[in-house]
Amino acid sequence: MEGTELALLDHVTVEFGKLCIDIHHAMYEVVFAPISVHLQVLQLPKTWSHIQESFSGNLDLPDYSFSPQEYITQIGQYLMTLPQHLEPFLFRENPALSCALRAADEEYNNADSVEGALADVLLSIIAKGLCQAYCDQILSICELNNIASRQLAHDIGYLANVLEDLGLHLSDTLKQLITLLKLPADQYQTQSSGYSARYVAAIRQIRNITSIDKHAKGHT
């Protein structure tokens, strides 16, 4: 009898865990949906063509000449409002919700036992998803000229500042991309040494930078 009860309890626990995971995933998708919509503009040619038109003839511009584009400022503003939206649920003691979150994702089990700790974990999960989605969108861009590359680097830098204000951090991948996007084309081959070969090659292709090897072969 006792064994049957334990088996039944195990079954209930497993099913409860699955339900929590499904609900957490659905909640994440709802929260992340506006971010996904804003990131889609990276694939639109007009997002970058107007940059080229705005700075036509002015190729050697200082960094302060650039301002973050609307898509990334909208994402930043959205991120800054998330804590206040989460406050009624995750900044107050709620044992049932805490139990469900800990069953849904192992990261919540590492949260400190202080007010707002679970909200911090959720924000961290969203930030990681944002950085990955942003990276994927960037690597899917067909082509950027030097001005557009610097603009994109500035956009990433803006996101880094927003995340820092929230106590979060930019992913290592985006940190690499922002550096590669800002490198002068004529110094790309030498200064990109030490970065991920995948990202070095991808950004070189997006920026249409001819490698030294290819350039040399063209003259043999």
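**Reading the helix packing**

Modeller: Let's start in α7, whose buried residues pack against α5, α6, α8 (188-191) and α9. Keep in mind as we go that this is a predicted model.

Biologist: Which residues of α7 are buried?

Modeller: They are T173, L174, Q176, L177, I178, L180 and L181.

Biologist: Let me step back to the whole chain. How many helices and strands are there in the protein chain?

Modeller: The chain has 10 helices and 0 strands. Following the sequence, you read α-α-α-α-α-α-α-α-α-α. Of its 220 residues, 38% are buried.

Biologist: What share of the contacts between residues at least 6 apart in sequence join residues at least 24 apart?

Modeller: That share is 69% in this chain.

Biologist: Now the interior. How should I read a nonpolar core?

Modeller: Here is the general idea: in soluble globular proteins, nonpolar side chains tend to be buried together. In this model, the largest nonpolar core has 57 residues, and L79, Y134, L152 and L174 have the most contacts inside it. Two or more residues come from each of α1 (2-39), α2 (45-54), α3 (70-90), α5 (117-139), α6 (146-165), α7 (172-182) and α9 (197-206).

Biologist: Which element gives the most to this core?

Modeller: That is α5, with 14 residues. It is also mostly covered, as 17 of its 23 residues are buried.

Biologist: How far does α5 reach from its first C-alpha to its last?

Modeller: The span is 33 Å, close to the 33 Å expected for its 23 residues at 1.5 Å a residue.

Biologist: How do I describe two packed helices?

Modeller: In general, the description uses the angle between the axes and the distance between the axes. For α5 and α6, the angle is about 180° and the axes are 12 Å apart.

Biologist: Why are α5 and α6 called roughly antiparallel?

Modeller: The label applies to angles over 145 degrees, and the packing angle here is about 180°; α5 and α6 are therefore roughly antiparallel to each other.

Biologist: Which residues in α5 and α6 meet?

Modeller: From α5 come A127, L130, C131, Y134 and I138, and they meet L152, D155, I156, L159 and L163 of α6. By class, this contact has 9 nonpolar, no polar and 1 charged residues.

Biologist: What about the loops?

Modeller: H169 is exposed because its relative accessible area of 64% is over 50%. Even so, H169 touches C131 and L163, again not counting residues up to four places away in sequence. The C-alpha atoms of H169 and S124 are 8.6 Å apart, while the two residues are 45 apart along the chain.

Biologist: Which residue has a positive phi although it is not a glycine?

Modeller: That is N208, with a phi of about 55°. You will find N208 in the loop between α9 and α10 (212-217), where N208 is exposed at a relative accessible area of 55%.

Note on methods:
Residues numbered from 1 in each chain as written. Predicted model: local features only at pLDDT ≥ 70, side-chain atom pairs only at ≥ 80, totals over all residues. Heavy atoms only, no water. Core = buried A, V, L, I, M, F, W, Y, C linked by side-chain atoms within 4.5 Å. Buried < 20%, exposed > 50% of the residue type's maximum accessible area, 1.4 Å probe, protein only. Helix = DSSP H or I, 4+ residues; strand = E, 2+ residues; numbered from the N terminus. Expected span 1.5 Å × (residues − 1). Contact = heavy atoms within 4.5 Å. Axes fitted to C-alpha atoms, helices over the stretch in contact; angles between N-to-C directions. Parallel < 35°, antiparallel > 145°, perpendicular 65-115°, else oblique. Nonpolar A, V, L, I, M, F, W, Y, C, P; charged D, E, K, R; others polar.
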